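I opened my notebook and went through this one piece by piece. Here is what I looked up, in the order I looked it up.

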Amino acid sequence: MMTYTFPPPARPVVPVEGSSDVFPVRRILCVGRNYAAHAREMGDDARDPPFFFAKPADAVAPLPTTVPYPSATSDLHHEIELVAALKAGGENLTPEQAIDLVFGYAVGVDLTRRDLQAAAKAKSHPWEAAKAFDASAPISAIRPISGPPPQGAIFLSVNGVERQRGQIADMIWNVAEVIAQASQLWRLEAGDLIFTGTPEGVGAIVRGDRVEGEVEGVGKLSFTVV
Ligand code: MN
């Protein structure tokens, strides 16, 4: 019989709205810039394929009231994002197949050490220290939603002043396409969370700031940086 060398850490979970159930997180995939500042041109061929990065499953900070200001940065940025939560897996999926994997959606913030990201970009270094740090993925409860994904507004304020606003419908790659593209690169599984990119207006937050985000039809998220 197999014995662990030490008690394994608890699986990260996210609450499910309207239920006592919790969603077990397997991993977190995030898509890079995915909102056009201007109306996108006609024709899919003009779109660059989405690029992805990852955060560890235990980066989720579910229903946070506070989020710790991370070490080693002086330029922590907020990125409000729609998050798709998968109830099933697959690979090499079409968008039509991909959307059927979705259990529901949450509101997430892709916290970013922007200074470390800029340094990594300049040196062609990996992004983990900029993106995949502890508590770098604050997230709301998951709202179970099947069928068409949300299409409403997505917005974030800091200390009551709006910083970011966009429309889910303005994504360059929609939710189904993002999941389908991810499934060309990884075998997706139940428990995967997909952060789908952020609209314009990212900016710095500091200790004491109150961050409030919302996606219409999905929910709200608010926390104080400590
Ligand atoms: Mn992001």
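This is a predicted model: local features need pLDDT of at least 70, side-chain atom pairs count only at pLDDT 80 or more; totals for chains, interfaces and linings use all residues.

**Entry 1: one residue and its contacts.**

I then asked which residues touch the most other members of the largest nonpolar core. They are Leu82, Tyr105, Val175 and Ile179, in a core of 43 residues. At least two residues of this core come from each of E3 (27–31), E8 (80–86), H1 (95–99), E9 (102–109), E13 (153–158), H4 (175–185), E17 and E18. Helix H4 gives the most, with 6 residues. I also noted a second, separate core of 18 residues, which includes Val14, Phe23, Ile28 and Cys30. A reminder to myself: in soluble globular proteins, nonpolar side chains tend to be buried together.

**Entry 2: helix H4.** Next I checked how covered H4 is, and 8 of its 11 residues turned out to be buried. Among them are Val175, Val178, Ile179 and Ala182, and also Glu177 and Ser183. What do the buried residues of H4 pack against? I listed E3, E4 (52–55), E8, H1, E9 and E15 (192–195). At the N-terminal end of H4 I found a cap, Asn174. A side-chain oxygen of Asn174 lies 3.1 Å from the backbone nitrogen of Ala176.

**Entry 3: the open sheet.** I traced 5 strands in the order E6-E18-E17-E13-E14, with mixed pairing. Strands E6 (66–67) and E14 (161–167) stand at the edges with a single partner strand each, so one side of each has no neighbour in the sheet. Arg210 stands opposite Thr224 in E18.

Then I picked Ser157, which is found in E13. Is Ser157 buried or exposed? Its relative accessible area is 13%, and buried means under 20%, so Ser157 counts as buried. Beyond its neighbours within four places in sequence, Ser157 is in contact with Glu162, Arg163, Arg210, Val211 and Glu212.

**Entry 4: the manganese ion.** Last, I asked which residues are the protein donors of the manganese ion.

Definitions and conventions
Residues are numbered from 1 along each chain as its sequence is written. Side-chain values use heavy atoms; hydrogens and water are left out. Two strands pair if DSSP finds at least two bridges between them. Helices (H or I, at least four residues) and strands (E, at least two) are DSSP runs, numbered from the N terminus. A nonpolar core is a set of buried Ala, Val, Leu, Ile, Met, Phe, Trp, Tyr and Cys residues joined through side-chain atoms within 4.5 Å. Buried means under 20% relative accessible area, exposed over 50%, partly exposed in between (1.4 Å probe, protein chains only). Donors are N, O and S atoms within 2.8 Å of the metal (3.2 Å for Na, K and Ca); water is not among the atoms, so sites may look incomplete. Contact means heavy atoms within 4.5 Å. A polar contact is a pair of N or O atoms within 3.5 Å; within protein, one must be able to donate a hydrogen and the other to accept it, and residues adjacent in sequence count only if both atoms are side-chain atoms.
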